[in-house]
Amino acid sequence: MRLLMVEDEQRLAEMVAAGLTAEGYAVDLAHDGRTGLSMARTGGYDAIILDIMLPGMNGYQVCATLRREGIAAPILMLTAKDGEYDEAEGLDTGADDYLTKPFSFVVLQARIRAMMRRGRSAAPAVWRFGDLTVDPATRSCRRAGAPVDLTSKEFSVLEYLASRAGEVVSKSEILHHVWDFAYDGDVNIVEVYISNLRRKIDAPYGKTSIATVRGAGYRLAADGG
């Protein structure tokens with residue numbers, strides 16, 4: 001899924017973004033409050049990691065503005081402050097969770113997963129499409145009970161298709177949610193990953209779960225093909 005991290009400590013931001021990218025997330029970075037607010041308004045992010053002490057506009061202000069404007073993406077606040085009043089203020093402005101620096105990267109990942117589960121509570125914990133299962137929590141896939149070995153990016157593409165099963169999803173939508181804002185390569189990279197997925201989850205089982213809708217995009221069959 002696609003994340004926005006608003007953090008003025010550039011080295012920290014880049015290290016966290018690199019780690020999250022390796023785990024299959026698409027991560028965009030902003031280093032001041034106003035830029036972060038602008039990106040959050042237009043980016044369609046699945047979650048936002050927001051530092052409190054930011055130049056130009058602090059995290060409390062950014063969070064409160066987003067909530068006032070009806071932007072409901074889960075927000076995890078990061079701060080060097082550990083006082084209970086600071087935590088309360090962050091939650092009161094609309095944040096979903098709060099993490100004090102320095103933090104464990106493993107804990108950060110767990111908090112993000114928990115926020116995103118709560119944010120899509122109406123969705124099942126594990127998606128099932130016939131004999132195809134997609135588990136976002138463990139980032140694993142099984143077909144007919146057998147594990148399917150997917151790369152991190154392959155799983156991210158499949159996860160996004162699964163979240164919109166039965167719908168036609170365009171290449172640009174997949175790029176927007178699975179690759180970060182800085183990606184400026186060929187849009188046809190999506191075709192490569194769709195081909196890889198078909199080779200792994202469909203061909204060995206005689207299935208056709210991912211259909212091409214000519215001129216429009218791709219559709220994951222709700223019955224698993």
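This passage describes the secondary structure, the packing and selected local features of a predicted model.

The secondary structure of the protein amounts to 8 helices and 11 strands. Of its 225 residues, 47% count as buried, and among the contacts with a separation of 6 or more, 55% are accounted for by residues 24 or more positions apart.

Strands of a sheet pair through backbone hydrogen bonds, in either a parallel or an antiparallel arrangement. In this model, 4 strands form an open sheet in the order 6-7-8-9, and their pairing is antiparallel. From one strand to the next, the twist averages 25°. The pairing of strand 6 with strand 7 (residues 132–135) is antiparallel and extends over 3 bridges, and Arg128 stands opposite Thr133 of strand 7.

Two helices are in contact with strands of this sheet. Helix 6 packs on the sheet, where strand 6, strand 7 and strand 8 (140–143) are touched, and the direction of helix 6 makes about 105° with that of strand 7. Helix 8 (residues 189–202), in turn, lies across strand 7, strand 8 and strand 9, and runs at about 50° to strand 8. In the loop between strand 8 and strand 9 is found Ala144, for which phi is near 55°, a positive value in a residue other than glycine. Most residues other than glycine have a negative phi.

Two packed helices are described by the angle between their axes and by the distance between those axes. For helix 6 (residues 152–163) and helix 7 (residues 171–178), the packing angle is about 120° and the axes are 10 Å apart. With angles of 65 to 115 degrees counting as roughly perpendicular and those over 145 as roughly antiparallel, helix 6 is therefore oblique to helix 7. The crossing in which helix 6 passes helix 7 is right-handed. On the side of helix 6, the contact involves Lys153, Ser156, Val157, Tyr160 and Leu161, which meet Glu173, Ile174, His177 and Val178 in helix 7. The residues of this contact divide into 5 nonpolar, 2 polar and 2 charged.

A further antiparallel pairing joins strand 10 (residues 210–213) and strand 11 (residues 217–220) over 4 bridges. Within this pair, Val213 has Gly217 in strand 11 as its bridge partner. The hairpin of strand 10 and strand 11 has 3 residues between the strands, and Gly215 in this hairpin takes a positive phi near 80°.

The loop between strand 5 (97–100) and helix 5 (105–119) contains Pro102, which is joined to Lys101 by a cis peptide bond with omega of about -10°. Most peptide bonds, by contrast, are trans. Phe103 is also placed in the loop between strand 5 and helix 5. Because its relative accessible area is 18%, Phe103 counts as buried, the cut-off for that class being under 20%. Apart from residues up to four places away in sequence, Phe103 touches Leu12, Val16, Leu78 and Leu108. Between Phe103 and Ala80, which are 23 residues apart in sequence, the C-alpha to C-alpha distance is 9.7 Å.

How values were computed
Residues are numbered from 1 along each chain as its sequence is written. This is a predicted model: local features need pLDDT of at least 70, side-chain atom pairs count only at pLDDT 80 or more; totals for chains, interfaces and linings use all residues. Side-chain values use heavy atoms; hydrogens and water are left out. Two strands pair if DSSP finds at least two bridges between them. Axes are lines fitted to C-alpha atoms, for helices over the stretch in contact, and angles run from 0 to 180 degrees between N-to-C directions. Angles under 35 degrees count as roughly parallel, over 145 as roughly antiparallel, 65 to 115 as roughly perpendicular and the rest as oblique. A crossing is left-handed if the near helix is turned anticlockwise from the far one by less than a right angle, and right-handed if clockwise. Contact means heavy atoms within 4.5 Å. Ala, Val, Leu, Ile, Met, Phe, Trp, Tyr, Cys and Pro count as nonpolar, Asp, Glu, Lys and Arg as charged, and the others, Gly among them, as polar. Buried means under 20% relative accessible area, exposed over 50%, partly exposed in between (1.4 Å probe, protein chains only).
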